[in-house]
Amino acid sequence: MKLICSPLCLSGGIIAKEPVSLEQEIQEPRGGGGEFDMSDILYFCRRGVESIVDDEVTKRFTAEELESWNLLTRSNYNLHHISARLTVLWGLGVLIRYGFLLPLRVTLAVTGVGLLVVLTSIVGWLPNSRMKKYLSEKVNLMCYRICVRALTAIITYHDSDNKPKNGGICVANHTSPIDVLILASDGCYSMVGQAHGGLMGFIQKTLVKACPHIWFERSEVKDRHLVAKRLSDHVADKTKLPILIFPEGTCINNTSVMMFKKGSFEIDCTIYPVAIKYDPRFGNAFWNSSKFRMVTYLLHMMSSWAVVCSVWYLPPMKREEGEDAVQFANRVKSAIARKGGLVDLLWDGGLKRSKVKEVFKEEQQKLYSKVLVIKTEGLLLAWGPMRSS
Amino acid sequence: MGLPLVESALQWNSGILNANRDPKNDDVEFQITRLYSRFHSLDKGENGALSREDFQRIPELAINPLGDRIINAFFPEGEDQVNFRGFMRTLAHFRPVEDNEKSKGHDASEPLNSRNNKLLFAFRLYDLDRDDKISRDELLQVLRMMVGVNISDEQLGSIADRTIQEADTNGDMSISFSEFIKVLEKVDVEQKMSIRFLH
């Protein structure tokens, strides 16, 4: 857990954080002579105030801040009047985006989704056969591609020979619901998710007729063994499509990759990691679910200029001998972070909504105690003969 | 796809934005803007003031053994909310001492980030009841916060006793502020209690 206490010097930060660890700083020779130095608190004090000014976690749950507005994104947070020229340009942009692009895109999106529902229903009636599979693939690809056009998403796929194959699990970093569209328009996957009600639920039920997706009831989600069993059964069947999973469990703002939940890494199969990086100059693709509802988010996306992103298919990975699920998950996460140019964090994305566990504070305390005890013993050894008299 | 077009658009754009800036005010203005932006993002209730819960939402601060004491330092006596002014005042203790060269003070009083005031900030982390003395109990409390359950009461007690013995010069079994200053006279407080902004 040293990693949490000695922050890396990141280019994304606004303050200079010394890459000194707790042991190094506290064991520096200084006056006093005692084993506990009253200046030991200065280390914790400074680290604490540094985290108040800029911390690694909370900023991952809001949209990435750009240095300055670049005309291409929707607007800047520190939007203040810079010049009349700029305001006019922005106004023109708004007219074009909302008056022309948005209606066009909404029409496309509705068409895409409508076609998806109708065509998959038709394919669903066919008896199970190779023809059905073939048609299902074609229908899915076509409809997802229409939806991708509806967002004017300009996607560059790299290393397509590493594309996920049947009987494997595809894992990717999660930034927004659009990730699914981006991946599904280039390959066919079985999706995993919670069964919703309403329109979403209807779409889910229709999709499953043509293609074996895995939808869980809310009650089943809590049962980890059940989830693991269904996933294992699916990958064991080599005729079924690869599963698409986002192990972070929540949307992160595309500057970093947070802790991968180990569930999908416990299953014995090949993992196909995928890194998705959105170009921040063209717009903010991150879905801040506490701020915007899904519909508002989609409208934002459809009234931006474009969504530009890169997708890297990484070489498949398997769990090695003697490696447990957590270590494997971290290894995959590092590979994705490195490829996508994202920061690799150990922190849990769930911190978006929940408090950090006490056990991490206890680890900090343990670390400090160890240092203190070492110093005490060192001093007693040096002073031993004198003190015992 | 049209990325060269984008590059030239970005260049033209930054030309417009840079035309109106005065480089002299950049540093201070930049820092204040960033800190205000940070204050605003911590303020979930959006009421212009931070509460203790807002600070505790920062994971790195929540796992810091002295987290609660540090949060306390932001809140004046008996208050539950801190506004931006108070936030800045407390953070001002951590400005590097060199920064005073850039902004020559208008008033003659000691700047908040002087060595003395930095030490006072640290002293107050120990001295909870603000009686200007660190008693054995207060020292033990801070020690307990830093080591958790990993060291026994007796051992902690003797560490506290030894510390007081070494620092206490006037025999009142507690550490006053001047005794505290003396103990830390060889420590590079300016460096350990300073936070530098990146540009």
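Okay, one term before I start: when I say two residues touch, I mean they have heavy atoms within 4.5 Å. And keep in mind that this is a predicted model.

Let me begin with Val57 of chain A. Val57(A) sits in the loop between helix H3 (40-53) and H4 of chain A. Is Val57(A) buried or exposed? With a relative accessibility of 0%, Val57(A) counts as buried. So what does Val57(A) touch, if we skip residues up to four places away in sequence? In chain A there are Met258(A), Trp347(A) and Leu351(A), and from chain B we get Pro59(B) and Glu60(B).

Now the partner view, from chain B. Arg38(B) is part of helix H2 (residues 23-42) of chain B. This arginine counts as buried, at 8% relative accessibility. Leaving out neighbours within four places in sequence, Arg38(B) contacts a run of chain A residues, namely Ser51(A), Ile52(A), Val53(A), Asp54(A), Asp55(A) and Thr58(A), plus Ile58(B) from chain B.

Let me zoom out to chain A. We have 12 helices and 10 strands there. Of its 389 residues, 50% count as buried. And if you take contacts in chain A between residues at least 6 apart in sequence, 76% of them join residues at least 24 apart.

On to the sheet. Seven strands of chain A make an open sheet in the order E2-E9-E8-E3-E6-E4-E5, and the pairing is mixed. Which strands stand at the edges? Those are E2 (153-158) and E5 (214-216) of chain A; each has a single partner strand, so one side of each has no neighbour in the sheet. On average, neighbouring strands of this sheet are turned by 25° against each other, ignoring direction.

Inside that sheet, E3 (residues 168-172) and E8 (residues 270-278) of chain A pair in the parallel sense, over five bridges.

A quick word on annotation. An unreviewed UniProt entry gives "domain: Phospholipid/glycerol acyltransferase" for residues 168-279 of chain A. Over residues 168-279, chain A is 34% helix and 24% strand, and the end C-alpha atoms are 28 Å apart.

Next up is helix H10 (residues 294-302) of chain A, where Tyr297(A), Met301(A) and Met302(A) are buried. Looking down the axis of H10(A), the buried residues fall within an arc of 130°, so they line one face of the helix. And what do the buried residues of H10(A) pack against? You'll find helices H4 (84-125), H5 (130-150) and H6 (178-184) there, along with strand E9 (307-313), all of chain A.

That brings me to the rings. Over all chains, the structure holds 20 aromatic pairs. One of them is Trp287(A) with Tyr297(A): the centres are 6.1 Å apart and the planes sit at 40°, so this pair is tilted. Trp287(A) is in the loop between E8 and H10 of chain A while Tyr297(A) is in H10, so the pair ties together parts 10 residues apart in sequence. Both Trp287(A) and Tyr297(A) are buried.

Over in chain B, Phe94(B) and Phe121(B) make an edge-to-face pair, with 5.2 Å centre to centre and 85° between the planes. Phe94(B) lies in the loop between H6 (84-91) and H7 (99-102) of chain B, and Phe121(B) in H8 (residues 115-126) of chain B, so this pair ties together parts 27 residues apart in sequence. Phe94(B) is buried at 3% relative accessibility, and Phe121(B) is buried too, at 8%. Chain B also has a cluster linked by ring pairs: Tyr36(B), Phe39(B), Phe55(B), Phe74(B), Phe75(B), Phe84(B) and Phe87(B).

The unreviewed UniProt entry puts "domain: EF-hand" on residues 114-149 and 155-190 of chain B. Over 114-149, chain B is 67% helix and 6% strand, with the end C-alpha atoms 36 Å apart. Over 155-190, chain B is 61% helix and 6% strand, and the end C-alpha atoms are 32 Å apart.

Technical notes:
Residues numbered from 1 in each chain as written. Chains lettered and ligands numbered in written order. Predicted model: local features only at pLDDT ≥ 70, side-chain atom pairs only at ≥ 80, totals over all residues. Heavy atoms only, no water. Buried < 20%, exposed > 50% of the residue type's maximum accessible area, 1.4 Å probe, protein only. Helix = DSSP H or I, 4+ residues; strand = E, 2+ residues; numbered from the N terminus. Arc of directions from axis to C-beta. Pairing = 2+ DSSP bridges. Axes fitted to C-alpha atoms, helices over the stretch in contact; angles between N-to-C directions. UniProt positions renumbered as here; feature names shortened; annotations may be inferred. Phe/Tyr/Trp six-rings, centres within 6.5 Å; stacked < 30°, edge-to-face > 60°.
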